[in-house]
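Dear colleague,

I am handing over the structure below, together with some notes on what was found in it. Please keep it open while you go through them.

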Amino acid sequence: MKIRELRTLSDEKLLDTLEDQKEAMFNFRFQKGFGQLEDQTALKKTRQVIARIKTVITERERAAQGN
C-alpha cells in the first residue's frame with residue numbers, strides 16, 4: 001500500500017490494517033523458518049507497510065496535539 005492510500009483510511013480501518021499486516025508478518029516468519037516462503041521480498045514489503053501505517057498514525061496524533 002502506498003502512503004497516499006493509507007492517509008485516506010479512517011483511524012479504525014488503519015488499525016485493522018496494521019493488525020492484519022502484523023499477522024501476515026508472523027505467518028511469513030514461520031514460512032521462512034520452515035523454508036516454505038515463496039516470495040522472499042514479502043517480509044520486507046510487509047515491514048515497509050507496517051512502518052508506513054505507524055507513520056500515518058503518528059502524523060495524526062501530532063496533528064491532534066497541535067504540533
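This is a predicted model: local features need pLDDT of at least 70, side-chain atom pairs count only at pLDDT 80 or more; totals for chains, interfaces and linings use all residues.

The largest nonpolar core has twelve residues, namely Leu6, Leu9, Leu14, Leu18, Met25, Leu37, Leu43, Val49, Ile50, Ile53, Val56 and Ile57. Two or more residues of this core come from each of helix 2 and helix 3, and helix 3 gives the most, with six residues.

Thr17, which is found in helix 2 (residues 11–33), deserves a separate word. Its relative accessible area is 10%, and because the cut-off for a buried residue is under 20%, Thr17 counts as buried. When the neighbours within four places in sequence are set aside, the contacts of Thr17 are with Met1, Leu9 and Ile53.

Next come the charged side chains. Side chains of opposite charge can pair when their charged atoms come close, and a search of the whole structure finds two salt bridges. In one of them Arg7 pairs with Glu59, with the closest N and O atoms 2.9 Å apart. This pair links distant parts of the chain, given that Arg7 is in helix 1 (residues 3–7) and Glu59 in helix 3 (residues 42–65), 52 residues apart. Both partners are partly exposed, with a relative accessibility of 42% for Arg7 and 35% for Glu59.

The other salt bridge is formed by Asp11 and Arg60, for which the closest N and O atoms are 2.6 Å apart. Because Asp11 lies in helix 2 and Arg60 in helix 3, this pair ties together parts that are 49 residues apart in sequence.

Finally, I turn to the aromatic side chains. A pair of aromatic rings is described by the distance of the centres and the angle of the planes. A search of the whole structure finds two aromatic pairs. The rings of Phe26 and Phe30 have centres 4.9 Å apart and planes at 70°, and this pair is therefore edge-to-face. Both residues lie in helix 2, four residues apart, which is about one turn of the helix. The pair of Phe30 and Phe34, by contrast, is stacked, with 6.4 Å from centre to centre and 20° between the planes.

Which residues do the ring pairs link into a cluster? They are Phe26, Phe30 and Phe34, and these residues also make a nonpolar surface patch of about 370 Å². As for their accessibility, Phe26 is partly exposed, with a relative accessible area of 47%, and Phe30 is likewise partly exposed, at 45%. Phe34 has a relative accessible area of 61%, and because the cut-off for an exposed residue is over 50%, Phe34 counts as exposed.

With best regards

Definitions and conventions
Residues are numbered from 1 along each chain as its sequence is written. Side-chain values use heavy atoms; hydrogens and water are left out. Buried means under 20% relative accessible area, exposed over 50%, partly exposed in between (1.4 Å probe, protein chains only). Contact means heavy atoms within 4.5 Å. Rings of Phe, Tyr and Trp (its six-membered ring) pair if their centres lie within 6.5 Å; planes under 30 degrees apart count as stacked, over 60 as edge-to-face and the rest as tilted. Patches are made of residues with over 30% relative accessible area and no salt bridge: like charges are joined within 9 Å, nonpolar side chains (Val, Leu, Ile, Met, Phe, Trp, Tyr) within 5 Å. Accessible areas come from the Shrake-Rupley method with a 1.4 Å probe; for residues, only the protein chains shown count as cover. A salt bridge is a side-chain nitrogen of Lys or Arg within 4 Å of a carboxyl oxygen of Asp or Glu. A nonpolar core is a set of buried Ala, Val, Leu, Ile, Met, Phe, Trp, Tyr and Cys residues joined through side-chain atoms within 4.5 Å.
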